[in-house]
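Subject: Handing over the two-chain structure

Dear colleague,

I am passing this structure on to you, together with some notes on what was found in it. Please keep it open beside this email while you read.

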Amino acid sequence: MKRIAAAALAVAVALGLPLVLDDSALAVYVLLGLAAIVTVGVSLLMGFAGQVSLGQGAFYGVGAYTAALLALNGFPPLLGLVAAPLMAAVFAVLIGMPLLRLRGHHLAFATLAVQLILLSLAGQLEFTGGDIGLQGIPQFGIGSWEMDSAAAYAWLTWAALGLVMLVTHHVIASRPGRALRALATSETAAASSGIPVGRYKLVVFALSAAFAGLAGGIYCFYTGYVAPGSFPVLISIQYIVMAVVGGLGTVWGALAGASAITLLVQGLDRLAALPGMPTYAPSVLSYAVYALVLIGVVLFLPQGLVPALTRRDRPGRRGRAS
Amino acid sequence: MSAFLTYLLNGLAVGCAIALIASGLVAIHRVTGVVNFAQGTFAVVAGLCTSSLLGLGVPHGVSEAAAVLLAGVAGLLTGLAAIGRPGTTPLSSLIITLGVGVLAYAVEIVLWGDQPRSAPGLAGSVTIAGARIQTQHLLVIAVTAATFVLLALFFGRTYLGKALTACASNPYAARVVGIDTRRMGLLAFALGGLLGGLAGVLITPLRPISFDTDVTLIVNAFAAAVFGALTRPVVALGGALLLGVAETMAAGYGYGSHQLEVALGLMLVVMIVQASRRSAIHEEAV
């Protein structure tokens with residue numbers, strides 16, 4: 001009962017915030033929501049399937065480009081937004097079938113390679129607009145109604161986040177969720193208990209890609225342009241930092257991690273913009289924060305913020321490597 | 001024909017630099033089981049450091065040696081972060097080295113700015129069978145060959161090298177006979193730092209280095225190292241030479257814009273083929 005009340009309060013706060021925030025704060029709020037959507041997927045993949053993806057930014061990009069291309073070619077934006085996660089998931093299934101035979105650091109490098117290849121292709125192909133990317137993407141809307149306020153995008157983003165968290169919650173609580181937890185500890189043991197290891201891993205991979213694709217779709221309508229430079233390798237690392245900080249395999253941890261990192265980086269950006277700071281201060285501070293937080297949490301708080309704060313420690317649940 | 005020979009030798013030089021980074025990756029992975037994502041960073045640190053020292057008027061030789069030593073220290077520090085705390089799993093260690101790489105970005109931008117930097121190397125060129133080769137390329141090949149011979153002697157003939165090999169083949173048995181596996185792991189990290197630094201010092205005169213060059217370097221080195229399943233340095237050397245030649249040929253004959261895709265695609269295929277030959281039981285038992 002207490003947990004339902006807490007969740008209801010969180011929903012109320014999330015939906016109420018756009019009414020009181022000013023424009024620059026709303027931009028942060030939208031980006032935070034988008035990062036949280038991707039991080040929920042990363043957390044699910046790392047915490048439950050025990051797999052590291054260093055290429056989550058690739059799926060984010062696939063979603064963004066899919067929605068952008070559809071919208072620019074005259075299809076309704078809603079179709080673009082629906083197609084974005086589907087396309088990302090289909091892409092994940094296609095590359096996942098060969099790649100998910102790999103595990104541990106092999107998979108991490110393979111996913112990184114996929115992102116680098118995609119970025120390089122997007123920068124060269126004509127229909128993706130090359131390095132300049134795609135511009136003039138119309139506003140999101142349904143029928144004749146057009147979404148033009150930042151607050152509306154905030155609601156859309158956080159509604160999508162709510163949906164993603166709800167889906168993840170049900171996946172975790174279900175029988176497949178327990179199976180995933182089992183295969184994260186030992187694939188051999190899981191397989192001998194009758195868990196279809198390969199299929200489950202592929203489904204989680206596709207699900208996490210779909211989340212990233214959905215966030216990418218919203219992102220392209222919100223900013224109005226996409227380019228290869230919007231999806232650097234660092235963005236994939238950033239999602240890992242957020243997932244690890246919040247606590248792997250927890251739905252709320254992803255949100256907490258995304259909030260903590262986004263707000264921290266924003267605060268430092270303000271600091272770096274103060275007069276007298278060198279021009280490189282913003283990037284240096286954000287790199288340093290990502291790095292120190294990541295190292296500190298992995299070493300001293302391996303379960304992440306949320307499990308450490310709520311004291312529901314499940315011993316021995318640290319990522320098992322290959 | 002002479003163009004072909006030029007591309008071949010240039011490619012071998014590029015491959016040698018990749019091989020040095022890859023051998024550091026292999027040395028660390030063999031001993032600790034950790035894939036060091038910050039391996040490319042060592043090369044970048046050493047490269048940037050040489051360019052600064054040479055700019056300050058420090059003579060050749062001294063600045064290169066100092067840069068390589070600095071990279072070795074960076075390797076040791078990375079090792080302390082990655083495996084210094086008992087009970088860190090290899091995958092957690094990978095994530096820590098990822099963090100170290102990003103932290104190095106911050107340090108590098110503060111010290112050297114975010115623009116690519118170069119350093120003067122060996123000037124001049126020689127003509128072999130009608131092909132003009134920069135002397136620096138030959139130097140890279142010679143130094144790499146010497147380094148691999150020294151590494152082979154170190155691992156095969158010295159007590160310390162044998163202790164490292166013992167940790168690589170069976171950490172438990174190594175502990176039983178009194179080898180401090182953690183110290184050996186740190187030593188491997190320092191060695192990895194030196195090897196990465198050597199590569200950085202050698203390639204900075206050939207192509208400008210900036211703080212984010214490390215992603216290209218580490219991905220190429222990892223691609224080379226997977227040829228030898230991350231454990232066999234000589235196979236990694238072969239893989240690195242193949243990659244270097246393939247990339248340089250692709251660039252030389254006009255497919256330059258696709259050389260990254262070629263290297264990465266090759267790496268993915270090799271990994272998938274290797275994975276299909278290995279069973280999960282074997283991997284989880286290691």
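Before anything else, you will need one term: pLDDT is the predictor's confidence in each residue, on a scale from 0 to 100. It matters here since this is a predicted model, and one stretch of chain A, residues 312–322, has a pLDDT that stays under 50, although the model has 23 contacts for that stretch beyond four places in sequence. Where pLDDT is low, the predicted coordinates should not be read in detail.

Which elements of chain A have the lowest and the highest mean pLDDT? The lowest value, 72, belongs to helix α13 (residues 305–310) of chain A, while the highest, 91, belongs to helix α3 (residues 56–72) of chain A. Chain B has a mean pLDDT of 83, with 94% of its residues at 70 or more, and for the complex the predictor gives an ipTM of 0.82 and a pTM of 0.83.

Next come the annotations, which are taken from a record. In an unreviewed entry, UniProt places the feature "transmembrane region" on chain A at residues 26–45, 81–100, 107–125, 152–172, 203–227, 239–265 and 285–310. In the model, residues 26–45 of chain A are 100% helix and 0% strand, with end C-alpha atoms that lie 29 Å apart, whereas residues 203–227 of chain A are 84% helix and 0% strand, with end C-alpha atoms 28 Å apart. For chain B, UniProt (again an unreviewed entry) gives this feature at several stretches, including residues 65–84 and 91–113. Residues 65–84 of chain B are 95% helix and 0% strand, and their end C-alpha atoms lie 27 Å apart; for residues 91–113 of chain B the span is 96% helix and 0% strand, and the end C-alpha atoms lie 31 Å apart.

Two helix pairs deserve a careful look, one in each chain. In chain A, helix α2 (residues 23–47) and helix α10 (residues 233–246) pack with their axes 8 Å apart, at an angle of about 70 degrees. Because angles from 65 to 115 degrees count as roughly perpendicular, α2(A) is described as roughly perpendicular to α10(A). Their crossing is right-handed, and the residues that make the contact include A35(A) and V38(A) of α2(A) and Y239(A) and I240(A) of α10(A). By type, the residues of this contact between α2(A) and α10(A) divide into eight nonpolar, three polar and no charged.

In chain B, the axes of helix α1 (residues 2–32) and helix α2 (residues 39–55) come within 9 Å and cross at roughly 135 degrees, which makes α1(B) oblique to α2(B). Here too α1(B) passes α2(B) in a right-handed crossing. I21(B), G24(B) and L25(B) of α1(B) meet Q39(B), G40(B) and A43(B) of α2(B), and the residues of this contact divide into three nonpolar, three polar and no charged.

Finally, how many residues of chain B are in contact with chain A? There are 37, and they touch 41 residues of chain A. On the chain B side, α4 (90–112), α9 (214–227), α11 (259–277) and α12 (280–285) each supply at least two residues, and the largest share, 15 residues, comes from α4(B). That side of chain B divides into 27 nonpolar, five polar and five charged residues.

With best wishes

Technical notes:
Residues are numbered from 1 along each chain as its sequence is written. Chains are lettered from A and ligands numbered from 1 in the order in which they are written. This is a predicted model: local features need pLDDT of at least 70, side-chain atom pairs count only at pLDDT 80 or more; totals for chains, interfaces and linings use all residues. Axes are lines fitted to C-alpha atoms, for helices over the stretch in contact, and angles run from 0 to 180 degrees between N-to-C directions. Helices (H or I, at least four residues) and strands (E, at least two) are DSSP runs, numbered from the N terminus. Angles under 35 degrees count as roughly parallel, over 145 as roughly antiparallel, 65 to 115 as roughly perpendicular and the rest as oblique. A crossing is left-handed if the near helix is turned anticlockwise from the far one by less than a right angle, and right-handed if clockwise. Two residues are in contact if their C-beta atoms, placed from the backbone, lie within 7 Å. Ala, Val, Leu, Ile, Met, Phe, Trp, Tyr, Cys and Pro count as nonpolar, Asp, Glu, Lys and Arg as charged, and the others, Gly among them, as polar. UniProt positions are given in the numbering used here, feature names are shortened, and annotations may be inferred rather than shown by experiment.
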